[in-house]
Amino acid sequence: YKPKSWLQPVNRAENAKVVRRMYEGQLGPELERGNRQILGTTALSANEYFNAAFINSGPESQPIRLSSPDSFLMVYSASSAYQATLMVARVTTAGDIIWKADTGLDRFLVKQILADGPFPVFVGTRPAVPNKVSEPLLVSINGQTGSVVTTSLWQ
């Protein structure tokens, strides 16, 4: 987002394979259908995240918001490498990371994110290993503490 562009009530992150940073935006008045013009932006920190996005509970919903302190859950790639793992972080509205956790899942092979509250669940596979089938996993993260519980889906 940049000054003079428009912000809709719900914005979907694109899988653009780019580095993103946290910004605070100065917005114009709300117009018809909730759209607002971005008047200016200020970087909250120098931290950068590859392919970052906030976790929503559905395609047309706002990002999941947690309290004590006021924060959001964010996903991003551990690196720009082809088989990077999916990271999850709890980020304050000031852009500070409270905790971060590695899911162990291949970032681009996550099949599903079940996020309806502060305990998101991720379904996917580990990064590929030559001559082996990648293990399917269910990974649950405690949104308050960042603790990770991994369950194999192999029987």
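## The model

This is a predicted model, in which local features need pLDDT of at least 70, side-chain atom pairs count only at pLDDT 80 or more, and totals for chains, interfaces and linings use all residues. Residues are numbered from 1 along each chain as its sequence is written, and side-chain values use heavy atoms, leaving out hydrogens and water.

## Overall fold

The protein chain has 13 strands and zero helices. Both kinds of element are DSSP runs, numbered from the N terminus: helices are H or I with at least four residues, strands are E with at least two. From the N terminus on, the order reads β-β-β-β-β-β-β-β-β-β-β-β-β. The radius of gyration of the protein chain is 17 Å, close to the 15 Å that the globule rule gives for 155 residues, so the chain is as compact as a globular protein of that length. That radius is taken over C-alpha atoms, and the rule is 2.2 Å times the number of residues to the power 0.38. Along its principal axes, the C-alpha trace spans about 55 × 30 × 30 Å.

Of the 155 residues, 34% are buried. Buried means under 20% relative accessible area, exposed means over 50%, and partly exposed lies in between (1.4 Å probe, protein chains only). The chain exposes about 9400 Å², and carbon and sulfur atoms supply 52% of that area. Areas come from the Shrake-Rupley method with a 1.4 Å probe; for residues, only the protein chains shown count as cover. Now take the contacts with a separation of 6 or more: 40% of them join residues 24 or more positions apart. A contact means heavy atoms within 4.5 Å.

## Nonpolar cores

In soluble globular proteins, nonpolar side chains tend to be buried together. A nonpolar core is a set of buried Ala, Val, Leu, Ile, Met, Phe, Trp, Tyr and Cys residues joined through side-chain atoms within 4.5 Å. The largest one here has 16 residues. Those with the most contacts inside it are Ile55, Val75, Val88, Trp99, Phe122, Val139 and Ile141. Apart from it lies another core, of eight residues, including Met22, Tyr49, Ala52 and Val91.

Look at Val75. Beyond the residues up to four places away in sequence, Val75 touches Asn51, Ala52, Ala53, Ile55, Leu86, Met87, Val88 and Phe122.

## Aromatic pairs

A pair of aromatic rings is described by the distance of the centres and the angle of the planes. Rings of Phe, Tyr and Trp (its six-membered ring) pair if their centres lie within 6.5 Å; planes under 30 degrees apart count as stacked, over 60 as edge-to-face and the rest as tilted. The whole structure holds two such pairs. In one, the rings of Tyr49 and Tyr76 have centres 5.1 Å apart and planes at 65°, so this pair is edge-to-face. Tyr49 sits in strand β5 (residues 49-54) and Tyr76 in strand β7, 27 residues apart. Tyr49 is buried at 6% relative accessibility, and Tyr76 is buried at 7%.

The rings of Phe54 and Phe72 have centres 5.3 Å apart and planes at 50°, so that pair is tilted. Phe54 lies in strand β5 and Phe72 in strand β7, so the pair ties together parts 18 residues apart in sequence. Phe54 is partly exposed at 36%, whereas Phe72 is buried at 15%.

Leaving aside neighbours within four places in sequence, Tyr76 is in contact with Tyr49, Phe50, Asn51, Ala52, Thr85, Leu86, Met87, Ala89, Lys100 and Arg107. Tyr76 and Glu48 are 28 residues apart in sequence, and their C-alpha atoms are 9.8 Å apart.

Ser77 is also found in strand β7. Ser77 is buried, with a relative accessible area of 2%. Not counting residues up to four places away, Ser77 touches Phe50, Asn51, Ala84, Thr85, Met87, Arg107 and Phe108.

## Salt bridges

A salt bridge is a side-chain nitrogen of Lys or Arg within 4 Å of a carboxyl oxygen of Asp or Glu. The structure holds two. Asp70 meets Arg65 at 2.8 Å, N to O. Asp70 is partly exposed, at 34% relative accessibility. Glu135 meets Arg126 at 3.1 Å, N to O. Arg126 is partly exposed too, at 36%.
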